[in-house]
Amino acid sequence: MHRAFSSRWLNTALNIAEHPKRVELPLFLCPSINPASHHRRLGPVASSPRLRASPWRSQYRCLHTEADTPSETPPPVNDTPPEPFSLKRLPKQCRGCGALSQTTFPNQPGYFDLGRKAVRNYLRPETADRSRREDKIYEDALKHFDHAELAKKGVDVEALALSIVPSETRQRPPPKVPLCDRCHSLLHNHTGQSIYHPSIDSIRDTILESPYKYNHVYHVLDAADFPMSLLPQLSQFLDTMPLRTKNRRSRLGKFYGNQKTELSFVITRCDLLAPTKPQVDSLFPYLQEVLRDALGRTGRNVRLGNLIAVSAKRSWWTKELKEDIWKRAGAGWMVGKANVGKSQLFEAVFPKGRMNLTPSKHQITVDMHAKTSNEPTVPADNAEAQPELVQENIEDQEIEELEDEDLDEFSLLPPAPKETNYPEMPLVSDLPGTTASPIRIPFGNGRGELIDLPGLERTGLEQHVKEEHRLSLIMRSRIVPEQMTLTPGRSLLVGGFIRITPREPAPIMLTYAFTPIKAHVTRTDKAIGIQNQTGEVNIENIAVPGTGEKTKLAGSFELRWDVTKQRTGPLTRKDAVGLKVERLPYRVLSTDILIEGVGWVEITAQVRTKDLFKQKPKSDTQSEIQETETPQEKKEPSALERLEALAADPKKKPAPAPVSEPTENDEPNWPVVDVYSPEGKFISCRKPMNGWMLNKPRVSAASQKSRPRRSMKGMKKLEKKRRREKEAGAGAPSASF
């Protein structure tokens, strides 16, 4: 009763029913109109049924408008049938990893969850526009007002009309092709499982199935552990892709089975080696020499003019490689081990936006999955008579049917997608083995295509590292290392599970860890306990429990490369002192210890020349064996005997002086370091790059001029001591009188 009387009193006081219903211009649209000049009572705010049905409670400015019909009348029922939604199908392959699309196995690559929002929006895109409720109210208000009256009051009607956004521009853009659930987790959550890596034989068989006449294989190598990412069985590729030798008559390429396949080496992520492009270019002869040594006997007589050093992150030499791919045409294959940067390089060198160019006439291509000529065709009349899809059968037809293309079940190459100017690129992730299947992307209006192949398996260092630290093994940016000193009795720990110990007697060594995981110098006994996971020292070991029991000696590496000229400075520079290395009383020796997939550790030591070339002491057994096996030496003739023999027969040439054969003792006493790692794997060495000279911290002019603050420790005691000495010296003469 109380509520009924209060409502009647409010209606009587406001006198709502006695005034006519009018629609007024909202105040926030036209502030120049003063509502006080109309002397009207304000009615209730009108609201449309759409606004009432909205579940969101947002605060808006009240509009002084009234509807022509009472607000109590129910909204009109919309009897028009709903618009049929447009149905799409998922792609045949995931654009991120290349796996075939499927909705059956959730834990496998290529699985699409039909309940995921991105998948639902792609299969059934929403037709609603993106207009706001304020825009709708704004348009309705302009339709109900007299434009002449608004113009008299100073309102620019044309400007208001132009401010209305056309409905065509409000439509939602077409949704992107979604990624499979595995790629979605890799991209947003950095979690996922690696695939089963293919073998070298399957990669070779895949390349042999190429539908192109001209093929070029780009063997991608990682600069972080170069050349450990070189394929160990490269000789299998060289049967059909011979490298050009140093012989001037050697040919550039050769046809095998109506196909010509060439090979190039591409070193990626070169921005990890030096800070600037000219510095990386100066390392090119060094990279060629290291690659030649890694190829073994194959690399002795090859030219290696097909070596390219690029950086997709800094765009170093990527434009030149892109033009090279465009000029070669045909098929370009990205081959390499897992997680060396193939997908990132693929995106940087793919020739985009060149569909309007005419294809080359000399390029001969073969459609691998062409449709058969006896394929039944559906007439147009029967096509219209086909029944519409039923809602219950939509899930069975979400994926595009592969049977329509008459695929070969035993083919290793997937079907080529439709060419576009700017296609979606493969997913770039830190997880090794992201690409699950070959990804083919054509370019140049049929001129060629670029294929990203799955990476071959590495030895698996990440399997010995805790899961939360596996992403920290990847070097993402250039590292400025810290100089650490290894004195006798100390060792270097990298990550707590890789140990570098100098062999006694060892000189003082300088180490520089170019690794994303932390390095630590400690006593050798402590380092052994930390590596074996038995010590109680508070130093982090990122290895999984039980790795210490599998630790073995990975190898003993000698510091056999002389870097005295690079390390000595002005003593050997021509524009300074200009001394030759042979005149110096010492040698600076160095080597690079490689950790597969992680980085390298540069080790340098300065050794006295007489200690380096001093003969090694022989053991008793070796001396006895040498005495028994050494034949009796011939007595060398004296100088007088040689002159007499020459006078007797002047045409006879004198016998050459005997040359002592090199023995094992002639080898210099190189410093040696022992490296211990899980299962004795993942370690190698190479010629030193002198990375410290390229990446050491820059010394500014201000730091050179400023002197360190003088230590004030013990200054008061020193002043007291001087004061006592002064007083004692002054009192000594007075005591003598």
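Predicted model: local features only at pLDDT ≥ 70, side-chain atom pairs only at ≥ 80, totals over all residues.
Let's start with a word you'll need: a residue is buried under 20% relative accessible area, exposed over 50%, and partly exposed in between, using a 1.4 Å probe and protein chains only.

Residues are numbered from 1 along each chain as its sequence is written, and side-chain values use heavy atoms, with hydrogens and water left out.

**Stop 1: helix 7**

Select residues 181–189, which make up helix 7. (Helices are DSSP runs of H or I with at least four residues, strands are runs of E with at least two, and both are numbered from the N terminus.) Color Asp181, Arg182, Cys183 and Leu186: these are buried. Cys183 counts as buried because its relative accessibility is 0%. Now click on His190, which follows helix 7 and has a positive phi, near 55 degrees.

How many disulfides are there? A disulfide is a pair of cysteine sulfur atoms within 2.5 Å, and by that rule the count is zero. Cys183 is in none: its nearest cysteine sulfur belongs to Cys180, 3.5 Å away.

**Stop 2: the largest cavity**

On a 1 Å grid over the protein atoms alone, a cavity is a set of points where a 1.4 Å probe fits but cannot get out, and its lining residues have an atom within 4 Å of a point. Points are joined across faces, edges and corners, and the volume is the space filled by probe spheres set on them. The structure holds two cavities of 30 Å³ or more.

The largest has a volume of about 40 Å³. Select His216, Tyr218, Ile325, Arg328, Ala329, Gly330, Ala331, Gly332 and Phe443 to see its lining. Which strand gives the most to it? That's strand 5, with three residues. Strand 5 covers 330–336, while strand 1 (214–222) and helix 11 (318–328) each supply at least two residues as well.

**Stop 3: the second largest cavity**

Here you'll find about 30 Å³ of space. Select Cys270, Lys277, Val280, Asp281, Ala309, Val310, Ser311, Trp316 and Trp317, which line this cavity. Finish on helix 9, residues 277–282, which gives the largest share of the lining, three residues.

Definitions and conventions. 1 Å grid on protein atoms, 1.4 Å probe; cavity = no way out; pocket = protein on both sides within 12 Å on 5 of 7 lines; lining within 4 Å.
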